Amino acid sequence: MSSNTYRSALVAAMREAMEQNDKTMIIGQGVADFKGLFGTTLGLSEKYPTRVIETPLSEDAIAGICIGASLNGMYPINTHIRADFGLLIFNQLINLAAKYRYMFGGLFEVPLMMRMIIGRSWGQGAQHSQSLQSLLAHIPGLVVVMPSSPQSILESYKYAINNYKGPVIMLEHRLLYELEFEEQETRLVNPLFGSIKIRVGSDVTVVATSVMVLEAKRAAEHLEDFGISVEIIDLHSISHPDHDMILTSLRKTGKLIVADTSWTSYGVAAEINRIINESDPAILKSPPISLGMAPAPCPTAKSLEDLYYPDVHDLVESICRLHFGGNPNKIPLPAKQSMTDFYKHFKGPF
Amino acid sequence: MAEVNIQVTSSYHLRMIQEEELLYQALRIRLVEEKIIELYPTDQIQSPVHLSIGQEAVAVGVCANLSDDDWVFINYRGHAFYLAKGGPLPEFFAELMGKSGGLSKGKAGSMHLADPKHGVIGASAVVASTISHALGAALASKIRGESKRIFVANFGDGAMEQGVFFESLNFASLHKLPVLFLCEDNGLAVHTSRKDRQSFDIEKLVNAFGIPAITIEKGYDPHEIASLSKAAIDQVRDHSAPVFFRIRTVRYREHVGPGEDFAAGYRSEEAVTNWKSHDPLYEESERFTKYRKLISEEINKALDFAHASPVAKSEELLTDVI
């Protein structure tokens, strides 16, 4: 692979899925158009005209068609260029796909994948930018993954398509698409389940999702110069995170920050705190901090949008607060700058 | 099926045998539903039942033209289709009673019947939600280049108001999918009649998508349904294209539960009584007495199986979640 971007991993994952498995079909709005879902399906409809299917704007029916095709032996990959459009398939996803195996006592399996792209970049507003992981991970029967690197994509998509027999939701992040990554190993035994230790540290644990993993890395690198050691856990499988990894890390650091791409209440931050509280609440040496979107719909105006999302600035400040109980050593904070501007100009490597 | 002692000497006799068989199958479903009505107050069936009583001829007539490879996507009022398509009766009662001997080990109950071996694909309790599944299965079949296999989306007239119905008509026509849209039109959505729900002429609407629409008025007549649905099914099979097939029928009982609810006043008892006067299953004759006896024996055996089956096992609580 000449480049190691998030997008190139998606291109490879889709191409490989079509080449290596004649049960795979890719179906969704824009999969066969000249943009090919941010380039990730380009050229595939010409090569596999019966298995790459452009659709009418009928998300509800298409999701049901995926279930029916799956019941009849295909592996459908249904795409949603904005995760927000995925809200239109919640009946099929929650009432049918998630329950199909259980409700019929194991008579059926519905292996399929929903690729939903979190549309956040600049100015996407209230309906083109949402992160739906906690709504989905709440439902028994669904596997929800937020890959944060090309390696996570290559491993988890391949495993889902070839080995896993149920519905999987892949929440991809638009801000990550163009970024270049250094080669890394995820060391996941089953790439749909579990979390990934991204960085070993001893002072503070940051549990992060998706693009917030990269912000946590930036924060950790900044603080390393000031002698603060940050451990980072990429939650990766939102529905089935690695509880032991989180608890083991906190037994060492005693200090927790959850950095998620969505709202904090009833969300990933709430769930991580539940896991800790039900297992070993005494391991926290100080109250944890949750970072997520402001509790409002996403505003379009850039001045407000920049305030809306937490970023490396908030992470550094929060880590200092947990580590020192404030910032008495006057460690400089990174400038509060627009995250979207940063990711537009800095392409990695991460 | 009981043996019917008519010597096969001509096509007339063949037709007679088929008519006998259809009546027998419809009566069998009727008696199963009546047994459920009888049992319901005993609380052996501890979940809601949406009885097919009155609508048996639809399932029997259509399924007479389907093989096990043809899949039917059913709904919460699914007893008749499950049985007509070949779903086993002992396991049916076990399923309704929440016993581990049910095909879905008691986790499905009355509203989620399924029997993949006989092409009965899972019933959903959310109106219209399996219509698109039939399209998807048909699409898969088409991608693999299979021919002569059809997929039946079975729904009621209330489902035609759901957005997914329109989306499905469009997609099935666009992709020329071998789907039979099979509407059991009992004129009611729960307790709401058509005039309060629909502004459209269903046949014109379906035609607007380039899909032929056929309506059968005599939804009590299994033979008429069998012969007319054969033509529609052959068309779907031979041309790999969708057909909309509507059968007018009457739900004899309340929307959910074993009772009658004419006293509520939302529909005319007289119209139902009039319909029943055409219903061949009320025939009093020697042959029907014989059929009833045979069917009762089958039902009693099936109930023995269900009663003897252990309750759903505790380890099933967390089995088959993912």
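## Parallel strands in chain B

Three bridges join strand β1 (residues 71-75) of chain B to strand β2(B), and these two strands run parallel. Helices (H or I, at least four residues) and strands (E, at least two) are DSSP runs, numbered from the N terminus. Two strands pair if DSSP finds at least two bridges between them. B:V72 stands opposite B:V120 in β2(B).

This is a predicted model, in which local features need pLDDT of at least 70 and side-chain atom pairs count only at pLDDT 80 or more, while totals for chains, interfaces and linings use all residues. Residues are numbered from 1 along each chain as its sequence is written, and chains are lettered from A and ligands numbered from 1 in the order in which they are written.

## The sheet of chain B

β1(B) and β2(B) belong to an open sheet of six strands, in the order β2-β1-β3-β4-β8-β7 (chain B), with parallel pairing. At the edges stand β2 and β7 (213-216) of chain B; each has a single partner strand, so one side of each is left without a neighbour in the sheet. Direction ignored, neighbouring strands are turned by 20° against each other on average. Axes are lines fitted to C-alpha atoms, for helices over the stretch in contact, and angles run from 0 to 180 degrees between N-to-C directions.

Strand β3 (residues 151-156) of chain B pairs with β4(B) in the parallel sense over six bridges. B:F155 stands opposite B:C183, and B:A153 has B:F181 as its bridge partner.

## Buried strands

A residue is buried if 20 or more other C-beta atoms lie within 10 Å of its own, exposed if 12 or fewer, and partly exposed in between; C-beta atoms are placed from the backbone. Seven of the seven residues of β4 (residues 179-185) of chain B are buried, so this strand is largely enclosed by the rest of the structure. B:V179, B:F181, B:C183 and B:D185 point one way, and B:L180, B:L182 and B:E184 point the other way. In β2 (residues 120-124) of chain B, five of five residues are buried.

## Helix α8 of chain B

Helix α8 (residues 222-239) of chain B has 18 residues and reaches 25 Å from its first C-alpha to its last, close to the expected 26 Å. The expected span is 1.5 Å times one less than the number of residues. Its buried residues include B:I225, B:L228, B:S229 and B:A232. Just after the helix, B:S240 takes a positive phi of about 45°.

Chain A has an open sheet of five strands in the order β7-β9-β8-β10-β11, with mixed pairing. β7(A) and β9 (residues 230-234) of chain A pair in the antiparallel sense over three bridges, and A:R199 stands opposite A:I232 in β9(A).

The axes of helix α10 (residues 243-253) of chain A and helix α11 (residues 268-279) of chain A come within 11 Å and cross at roughly 70°. The two helices are therefore roughly perpendicular to each other (under 35 degrees counts as roughly parallel, over 145 as roughly antiparallel, 65 to 115 as roughly perpendicular and the rest as oblique).

## Where the chains meet

34 residues of chain A are in contact with 32 residues of chain B, contact meaning that the C-beta atoms of two residues, placed from the backbone, lie within 7 Å. The largest share of the side of chain A that touches chain B, nine residues, comes from α4(A).
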